[in-house]
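Subject: Structure handover and notes

Hi,

Here is the structure I promised to pass on.

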Amino acid sequence: MADTLPTEFDVVIIGTGLPESILAAACSRSGQRVLHIDSRSYYGGNWASFTFSGLLSWLKEYQQTSDIEDKSTTAWQDLIDDTEETITLRRKDETIQHTEVFCYASQDMDDSTEKVDALQKNPSSVVHGTLTTPLDSACLSEETHMTSCEVPAEDTPKNEGEVLLEATNIEETQAKEKCGDKTCTHTISDRDEDENRPVVEDSAEQPKRNRITYSQIVKEGRRFNIDLVSKLLYSQGLLIDLLIKSNVSRYAEFKNVTRILAFREGKVEQVPCSRADVFNSKELTMVEKRMLMKFLTFCLDYEQHPDEYQDFTQCSFSEYLKTKKLTPNLQHFVLYSIAMTESSCTTVDGLKAAKNFLRCLGRFGNTPFLFPLYGQGEIPQGFCRMCAVFGGIYCLRHKVQCLVIDRESGRCKAIIDHFGQRISAKHFIVEDSYLSEETCSDVQYKQISRAVLITDQSLLQADSDQQISILIVPPTEPGAHAVRVTELCSSTMTCMKDTYLVHLTCTSSKTAREDLESVVKKLFTPYAETEKDKEELAKPRLLWALYFTMRDSSGISRSSYCGLPSNVYVCSGPDCGLGNEHAVQQAETLFQEIFPGEEFCPPPPNPEDIIFDGDDKQPEASGTNNIVMAKLESSEGSKNLESPGKHLQN
């Protein structure tokens with residue numbers, strides 16, 4: 001409750017995204033009194049992960065919070081003195097726009113041919129909810145949501161620190177079906193229960209594959225952990241180093257990305273990464289293998305050979321690759337599968353990206369990347385846990401109405417929450433999405449186009465069906481951007497068995513659907529399409545799709561914000577990059593600005609230096625930094641946070 005909160009802190013942090021969570025952990029670890037609050041009901045902000053039902057509830061909640069102003073807030077004007085002024089914060093989260101949801105999977109195993117034909121003619125006829133901006137359409141309404149697969153409105157997103165509600169249990173609830181003008185109900189029988197199991201389609205013209213229905217997806221919704229932002233961890237990146245240094249890595253588990261894919265001439269193929277992979281590849285000739293190894297060796301220490309690229313610093317990386325006498329096949333591999341960048345990227349940036357890729361090979365596996373089990377949302381939660389362990393206080397569903405500014409000094413003195421409580425602090429850290437339109441009037445934001453797909457088959461079949469893959473699809477039109485595709489299997493704990501979770505990301509040119517739908521059509525086929533040709537049959541079937549755009553505030557300088565006091569610091573949301581380097585760099589830069597000379601997220605103390613609450617032993621007078629540990633209460637339980645599992649180690 002708000003009346004139990006202390007009224008004074010050293011640092012108040014608003015928002016639980018990755019940079020804010022890292023800062024909270026660093027401040028708490030250095031002995032600062034930290035209050036970490038978020039108006040949302042889940043950790044992570046736009047870095048969060050949701051179950052399937054939680055994602056649908058998030059969409060519905062987003063529309064409601066965007067359309068309906070909160071009238072439960074307490075008036076704060078009477079709490080302001082004549083010597084003070086205020087900066088109001090935004091009530092609506094407007095970082096997500098143009099959200100559209102499509103379902104291509106059949107509702108049940110006994111769907112009629114008419115429904116399949118209707119889906120072929122008009123896929124949008126089974127859209128579960130389409131959100132546009134302004135948000136004026138009903139999300140997941142009764143008219144558009146399939147009745148036998150409804151998700152309760154009160155279902156909340158899956159995340160630590162809150163009770164998770166199950167999706168509608170198909171075996172225990174009644175399904176309603178419209179029969180003419182009447183409404184009949186029936187209880188799911190044992191026959192229906194059998195129908196929920198995957199059925200193998202037997203066809204002489206195609207490999208056997210399981211048929212997944214929407215009912216199964218809803219029933220197994222807790223097995224999904226769907227990231228709002230698609231990221232991977234570079235094995236030699238800043239985030240991995242920070243996780244190991246701070247020991248936050250013990251709160252999460254990780255898997256290697258197993259392969260790098262390329263999309264060339266309409267086909268998906270695997271890219272060789274290591275020396276052994278290069279020489280075992282059947283896609284490259286012997287001459288190409290030697291050329292590729294020579295160029296990659298140069299990329300590893302390109303700074304030592306400036307004469308090799310100095311004359312091309314003003315050229316694009318793609319033009320530079322042509323001067324190296326690489327074949328078109330090798331140019332494609334280097335540009336999109338190793339450097340993983342745009343063709344317009346500068347030569348130096350391209351070489352830097354290629355070197356970063358190569359130096360990350362071999363630390364934890366054959367590819368440079370790791371993925372956190374249960375999704376990207378586990379990472380900010382891990383840093384929040386570290387903050388709480390060292391005494392930080394957390395409040396979700398806690399809105400802040402305004403910042404209180406002292407007119408004479410120009411510094412921020414306090415915040416006033418939606419209960420009317422005034423909380424003072426020395427420093428304030430605010431996530432960009434909380435700043436008002438007046439504060440951001442001069443800010444020009446970029447946008448990120450995102451798509452989340454559920455499919456029934458991998459993009460590239462292999463001996464093992466547990467593959468984690470990344471693919472860059474080159475742009476096909478001038479001015480368009482390359483699309484990054486990340487495919488996750490069920491062993492990542494992000495999707496149910498016999499399905500794959502696919503994330504698509506690119507810099508926005510239009511709406512997310514307009515930017516990404518062409519790539520989706522190249523790689524996948526709608527689930528209900530008839531068997532037209534063998535090429536379409538070989539593609540993975542698309543079961544469900546979500547498109548949305550997300551604000552990218554990563555490139556905004558502090559001077560772009562109007563009227564911010566010197567002790568108010570701004571953290572940005574997710575950027576469009578593959579890694580998390582920007583978030584870590586931003587957190588460390590702000591920490592050093594606030595607390596110059598303090599070590600950023602130092603290693604945890606030795607056990608003998610820790611004093612637990614209630615211990616009669618007094619700290620030694622020598623000035624040793626004894627740490628008082630605080631318990632972290634969680635209504636959900638620790639899941640994998642306390643399990644030994646596979647953790648990061650040097």
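Let me start with a pair of strands: S22 and strand S27 (residues 541–552) run antiparallel and share ten bridges. Strands here are DSSP runs of E with at least two residues, helices are runs of H or I with at least four residues, and both are numbered from the N terminus. Two strands count as paired if DSSP finds at least two bridges between them.

Before going further, two remarks on the basis. This is a predicted model, in which local features need pLDDT of at least 70 and side-chain atom pairs count only at pLDDT 80 or more, while totals for chains, interfaces and linings use all residues. Residues are numbered from 1 along each chain as its sequence is written, and side-chain values use heavy atoms, with hydrogens and water left out.

**Around S22**

Eight of the ten residues of S22 (residues 446–455) are buried, so the strand is largely enclosed by the rest of the structure. Buried means under 20% relative accessible area, exposed means over 50%, and partly exposed is in between (1.4 Å probe, protein chains only).

Asp498 sits in the loop between strand S24 (483–488) and S25. With a relative accessibility of 26%, Asp498 is partly exposed.

**The parallel sheet and its helices**

Five strands make an open sheet with parallel pairing, in the order S17-S2-S1-S21-S28. Strand S17 (393–395) and strand S28 (568–571) are the edge strands, each pairing on one side only. On average, neighbouring strands of this sheet are turned by 15° against each other, direction ignored. Angles run from 0 to 180 degrees between N-to-C directions, with axes fitted as lines to C-alpha atoms, for helices over the stretch in contact. S2 (residues 34–37) pairs with S17 in the parallel sense over three bridges, and Leu35 has Ile393 of S17 as its bridge partner.

Helix H1 (residues 18–29) packs on this sheet, touching strand S1 (11–14), S2, S17, strand S21 (427–431) and S28. Its direction makes about 160° with that of S2. Contact here means heavy atoms within 4.5 Å.

Helix H15 (residues 581–594) lies across S21 and S28, at about 170° to S28. Its buried residues are Ala583, Val584, Gln586, Ala587, Leu590, Phe591 and Ile594. They span an arc of only 165° around the axis, which places them on the same side of H15; the arc is that of the directions from the helix axis to the C-beta atoms. These buried residues pack against H1, helix H6 (238–246), S21 and S28.

What covers the buried residues includes strand S14 (259–264), strand S15 (267–271), helix H8 (286–300), helix H9 (317–323), H11 and strand S23 (469–473). Just after H10, Met340 has a positive phi of about 50°. Thr341 lies in the loop between H10 (328–338) and helix H11 (347–359). Thr341 is buried, with a relative accessible area of 17%. Leaving aside residues up to four places away in sequence, Thr341 touches Phe317, Leu335 and Tyr336.

**Cysteines**

How many disulfides does the rule give? Taking a disulfide as a pair of cysteine sulfur atoms within 2.5 Å, the count is zero. Cys384 is in no disulfide, and the nearest cysteine sulfur, that of Cys387, is 7.0 Å away. Cys384 is buried, at 4% relative accessible area. For Cys440, the closest cysteine sulfur is in Cys562 at 8.2 Å, too far for a bond. Cys440 also counts as buried, at 8% relative accessibility.

Best wishes
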